[in-house]
Amino acid sequence: AVVDLAEDAASARADAIGGGSRGFRCDVADSASVTATVDAVVETFGRIDILVNSAGIVMLAPAEDLTQ
């Protein structure tokens, strides 16, 4: 699975990888989007063996004020 905010980019990369890879859209700033994407990947492939988190977001607040 290849995951990106831009589903077209994720799908293009997955097609280039081949081997049954598939692209998914996910907005890592939205916990519901993350949950939905994990559910979709597990539904498609049965499990997640390896997860590489290379996405980043900026939330300017003291850590104790962050809820997600």
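In which helix does Ala-12 lie? Ala-12 belongs to helix H1, which covers residues 7-17; helices (H or I, at least four residues) and strands (E, at least two) are DSSP runs numbered from the N terminus. The model is a predicted one, in which local features need pLDDT of at least 70 and side-chain atom pairs count only at pLDDT 80 or more, while totals for chains, interfaces and linings use all residues. Residues are numbered from 1 along each chain as its sequence is written, and side-chain values use heavy atoms, with hydrogens and water left out.

The protein chain contains two helices and two strands, arranged along the sequence in the pattern β-α-β-α. Its C-alpha atoms fill a box of roughly 45 × 20 × 20 Å along the principal axes. Of the 68 residues in the protein chain, 13% are buried, where buried means under 20% relative accessible area, exposed over 50%, and partly exposed in between (1.4 Å probe, protein chains only). Among the contacts in the protein chain with a separation of 6 or more, 14% join residues 24 or more positions apart; a contact means heavy atoms within 4.5 Å.

Helix H2 comprises 15 residues, 31-45, and reaches 21 Å from its first C-alpha to its last, close to the 21 Å expected at 1.5 Å a residue. The expected span is 1.5 Å times one less than the number of residues in the helix. At the N-terminal end, H2 is capped by Asp-30, a side-chain oxygen of which lies 3.1 Å from the backbone nitrogen of Ala-32. H2 is followed by Gly-46, which has a positive phi near 90°.

The buried residues of H2 are Ser-33, Thr-37 and Val-41. Viewed down the axis of H2, these buried residues fall within an arc of 70°, so they line one face of the helix; the arc is that of the directions from the helix axis to the C-beta atoms. They pack against strand S1 (2-4) and strand S2 (23-25). The exposed residues Ala-32 and Glu-43 are carried on the face of H2 turned away from its buried side.

Ser-33 has a relative accessibility of 11% and touches Arg-25, Cys-26 and Asp-27, not counting residues up to four places away in sequence. Thr-37 has a relative accessible area of 7%. With residues up to four places away in sequence again not counted, Thr-37 touches Val-3, Phe-24, Arg-25 and Cys-26.

The largest pocket has a volume of about 780 Å³. On a 1 Å grid over the protein atoms alone, a pocket is an open set of points where a 1.4 Å probe fits, with protein on both sides within 12 Å along at least five of seven lines. Grid points are joined across faces, edges and corners, and the volume is the space filled by probe spheres set on the points. The lining of the largest pocket consists of 22 residues, of which Val-3, Thr-37, Leu-51, Val-52 and Asn-53 lie nearest its centre; lining residues have an atom within 4 Å of a point. S1 and H2 each supply at least two residues of this lining, and the largest share, five residues, comes from H2.

Key. A polar contact is a pair of N or O atoms within 3.5 Å; within protein, one must be able to donate a hydrogen and the other to accept it, and residues adjacent in sequence count only if both atoms are side-chain atoms.
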